[in-house]
Amino acid sequence: MRILMRGACLAVLLLWSPSLAQADPLILFDTTLSTLGTFRCRGPLECSGTGTNSITFGSGDNHATITFTGVTTSLQVTNHAMPVTLGVFETDFSPGFVFPERLSTASPLLDFNLQLEQTPPLAVTRTKTFTGRPGGAPTLPLAARAGTTNYLAIGLPPRLNPPGANYSLLIYSFHLPVIFSGAGPSTLTADVGATPEPASLVLLGTGLAGAAWSRRRRAVQG
């Protein structure tokens, strides 16, 4: 099953790559995207701002504040992956600030919940959670939560497809990690575009996995 899933993921990359897509993007629809973001402190640390768009570690002359500002923007959904800005993290760090160090590097210092709202013609709201870890350094990487993917998939109804097209997933593939530091603001971006229906991806993934297995078997027998 893991082989099939990896094959399917590889198929997504192959089919979705702009270099392999048709010369001119196939336009599916125009939409408006709005984003909001909230932080959550993790663990018994000197941290404030849980439930808001701004979080602060420490206080006084030894602090780091990270504030997220979302966007409202129009975009054109096509079968090419197009980069889209989802928001900006502003930072205010005291000179020499170092993030608290956790006993386990796998334990996050914070969670960041990104809410995506899209309308029209696809009225949908989705949330993606990221984590900041491991701490113990002047910078803090923000990445996908452990055990999850670095993308968000939204189902597309057939009515949004142009005649002859069969795209059923809208994919937000996030550019990660985002690095928080005292050097200035950082931007959260994603490649956004439509992919073919899942059945084709699974079939292609199965074919890729089968081809790899056949080559391995021949090598063993030879």
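Guide: A salt bridge is a side-chain nitrogen of Lys or Arg within 4 Å of a carboxyl oxygen of Asp or Glu. For charge, Lys and Arg count as positive and Asp and Glu as negative, while His and the chain ends are not counted. Buried means under 20% relative accessible area, exposed over 50%, and partly exposed in between, with a 1.4 Å probe and protein chains only. This is a predicted model, in which local features need pLDDT of at least 70, side-chain atom pairs count only at pLDDT 80 or more, and totals for chains, interfaces and linings use all residues. Residues are numbered from 1 along each chain as its sequence is written, and side-chain values use heavy atoms, with hydrogens and water left out.

The part to look at is K128. K128 belongs to strand β8, residues 124-132; strands (E, at least two residues) and helices (H or I, at least four) are DSSP runs, numbered from the N terminus. K128 is buried but has no salt bridge. The nearest side chain of opposite charge is that of D111, 12 Å away.

What does the side chain of K128 reach at 3.4 Å? It reaches the backbone oxygen of Y151.

Contact in general means heavy atoms within 4.5 Å. Leaving out residues up to four places away in sequence, K128 touches F112, N113, L114, T148, T149, Y151 and F174.

Three of these names, F112, L114 and F174, return in the largest nonpolar core. A nonpolar core is a set of buried Ala, Val, Leu, Ile, Met, Phe, Trp, Tyr and Cys residues joined through side-chain atoms within 4.5 Å. The largest one has 44 residues, and F112, L114 and F174 are among those with the most contacts inside it, as is F89. Strand β1, residues 27-41, gives the largest share of this core, five residues. F112 is also touched by F89, whose other contacts beyond four places in sequence include F39, I66 and L142.

Methods: A polar contact is a pair of N or O atoms within 3.5 Å; within protein, one must be able to donate a hydrogen and the other to accept it, and residues adjacent in sequence count only if both atoms are side-chain atoms.
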